[in-house]
Amino acid sequence: MASPVDEMTRRSKLSERTFKRRFMAATGLAPLDYVQRLRVEDAKRRLERTDDSVDDIAWRVGYEDPAFFRRLFRRVVGMAPGAYRKRFSIPDFARTPLRTSAD
């Protein structure tokens, strides 16, 4: 399976260097940083709305190494996933189910 950045580059039909330069100009982020931020945002929603383990959430948003995910999450968000969940968890009665790609 191709990485998300490789897939974006392939679909753009641009050279890798041109794609990365244009992507950075348009978003202010490198493609990999953008993908990581999208995944962290997905993880934040899951931490707020589910009781799934952090390891399970890491896997669901695209990380095979939960330790890497925890470090990345802390770097991007400024707190550990467990602390984020404790602070921002939505009460059970207010939760709406998350849609997954399997739905």
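1. Ring pairs join Y63, F68, F69, F73, Y84 and F88 into a cluster. Rings of Phe, Tyr and Trp (its six-membered ring) are taken as a pair if their centres lie within 6.5 Å; planes under 30 degrees apart count as stacked, over 60 as edge-to-face and the rest as tilted. Across the whole structure, the search finds seven aromatic pairs.

2. The model is predicted: local features need pLDDT of at least 70, side-chain atom pairs count only at pLDDT 80 or more, and totals for chains, interfaces and linings use all residues. Residues are numbered from 1 along each chain as its sequence is written, and side-chain values use heavy atoms, with hydrogens and water left out.

3. The chain comprises six helices and zero strands, so named from DSSP runs numbered from the N terminus (helices: H or I, at least four residues; strands: E, at least two). From the N terminus on, the order of elements is α-α-α-α-α-α. The C-alpha trace spans about 50 × 30 × 25 Å along its principal axes.

4. F69 and F73 both belong to helix α5 (residues 66-77), four residues apart, about one turn of the helix. F69 and F73 are both buried, where buried means under 20% relative accessible area, exposed over 50%, and partly exposed in between (1.4 Å probe, protein chains only).

5. F73 also pairs with Y84; this pair is edge-to-face, at 5.7 Å centre to centre and 80 degrees between the planes. The pair links distant parts of the chain, with F73 in helix α5 and Y84 in helix α6 (residues 81-88), eleven residues apart. Y84, like F73, is buried.

6. Which residue lies over the face of Y63? R39 does, at 5.0 Å from the ring centre. The criterion for a charge over a ring is NZ of Lys or CZ of Arg within 6 Å of the ring centre and within 35 degrees of the ring normal.

7. The largest nonpolar core has 13 residues, and those with the most contacts inside it are A43, L47, V61, Y63, F69 and F73. Helices α3 (31-49), α4 (54-60) and α5 are the elements that give two or more residues to this core. Such a core is a set of buried Ala, Val, Leu, Ile, Met, Phe, Trp, Tyr and Cys residues joined through side-chain atoms within 4.5 Å.

8. V61 deserves a separate entry. Leaving aside neighbours within four places in sequence, V61 is in contact (heavy atoms within 4.5 Å) with R39, D42, A43, R46 and F69. For the chain, 49% of contacts between residues at least 6 apart in sequence join residues at least 24 apart.

9. R45 is located in helix α3. Is R45 buried, partly exposed or exposed? Its relative accessibility is 36%, so R45 counts as partly exposed. R45 and S89 are 44 residues apart in sequence and 9.0 Å apart in space, C-alpha to C-alpha.

10. T18 is part of helix α2 (residues 16-27). T18 counts as buried because its relative accessibility is 18%. The side chains of T18 and S15 are joined by a polar contact of 2.9 Å. A polar contact is a pair of N or O atoms within 3.5 Å; within protein, one must be able to donate a hydrogen and the other to accept it, and residues adjacent in sequence count only if both atoms are side-chain atoms.

11. Of the 103 residues in the chain, 28% are buried.
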